[in-house]
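Please find below a note on the model under review.

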Amino acid sequence: MATMNRPIQDWRTQRVWLVGASSGIGEAFAQALLAAGAKVILSARRESELRRVAGSHALAAVVAFDAAAEAEWPAAHAKAEAAFGGLDLVVFLAARYEPQRAWELDAAAATRSFELNVLSVYRGLTLVLPAMLANGCGGVALVASVSGYTGLPKASVYGATKAALINLAETLYFDLAPRGLAIYLVNPGFVATPMTRANDFSMPELMTPQAAAQAMLAGMAAGRFEIRFPRRFTSMLWWLSRLPYSWRFPLLHKVTGL
């Protein structure tokens, strides 16, 4: 896969803000970054969980806030900037997942998901991009999902939010890469996290959060735009999403059994 971003060769030079770092992939990625020598600002709603993740690590800072609350972003951003004197990489991981079939749609639940999964990213971007553009360097990572590749059962809301992030990441790359910024699109498959515990169906190639974190580190170190994992399952779903609808839908029904 072609290198589209400048490879990160030394994590010790990176000041990374993780928005959504109290559990799951965010927690594992925070631990992997700290082990690699990065300075890491951990954010999520639950300060006690963030402090558990940070432990006594000298390179970890905690900035607790609710990413779904628009009013809390400016103060959180200011604290994150001040923690280590700036930001080199911002990773948007915070997400809500509520499995819903089409006949179970709930407007209030959809609003909650879009507030956190999509609108919070826009709110964060409006704050972190000006300094990066002024400096002509820095990076942003959007953690989407392969559920954004194509319509899937039980993903009537979650999948739509992740499809929005995929489109947004593509647009950000188009606009910002020529100005020196790195843009990463992270598309996980199934990862064993508190969110996926709600699934009552088979999850092919289920990964640990630690394996997911290592895949993210490797992808960013290689300068990839899209970082997807596990490779076999996500590649299969990517190719499936490129098929004509008349082929795709019967195959999805057969594969999922739904």
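The numbered points below take these topics in turn.

1. Basis. The model is predicted, so local features need pLDDT of at least 70 and side-chain atom pairs count only at pLDDT 80 or more, while totals for chains, interfaces and linings use all residues. Residues are numbered from 1 along each chain as its sequence is written, and side-chain values use heavy atoms, with hydrogens and water left out.

2. Helix α3. Helices (H or I, at least four residues) and strands (E, at least two) are DSSP runs, numbered from the N terminus. In helix α3 (residues 73-84), Trp 73, Ala 76, His 77 and Ala 80 are buried (under 20% relative accessible area; exposed is over 50%, partly exposed in between, with a 1.4 Å probe and protein chains only). They cover an arc of only 100° around the axis, and therefore lie on the same side of α3; the arc is that of the directions from the helix axis to the C-beta atoms. Lys 79 and Ala 82, on the other side, are exposed. After α3 comes Gly 85, with a positive phi near 80°.

3. Partners of α3. The buried residues of α3 pack against β1 (15-19), β2 (39-43), β4 (89-92) and α4 (107-135). Contact here means heavy atoms within 4.5 Å.

4. Nonpolar cores. A nonpolar core is a set of buried Ala, Val, Leu, Ile, Met, Phe, Trp, Tyr and Cys residues joined through side-chain atoms within 4.5 Å. The largest has 41 residues, of which Trp 17, Phe 92, Leu 125, Val 140 and Leu 142 touch the most other members. α5 gives the most to this core, with seven residues. Apart from it lies another core of 37 residues, including Val 40 and Tyr 184.

5. Aromatic pairs. Rings of Phe, Tyr and Trp (its six-membered ring) pair if their centres lie within 6.5 Å; planes under 30 degrees apart count as stacked, over 60 as edge-to-face and the rest as tilted. By this rule there are eight aromatic pairs. Trp 17 and Trp 73 are edge-to-face, at 5.8 Å centre to centre and 65° between the planes. Trp 17 lies in strand β1 and Trp 73 in helix α3, so the pair ties together parts 56 residues apart in sequence. Ring pairs link Trp 17, Phe 65, Trp 73 and Phe 92 into a cluster.

6. Gly 148. This residue is in the loop between β5 (139-143) and α5 (158-176), and counts as buried at 17% relative accessibility. The C-alpha atoms of Gly 148 and Lys 162 are separated by 4.7 Å, although the two residues are 14 residues apart along the chain.
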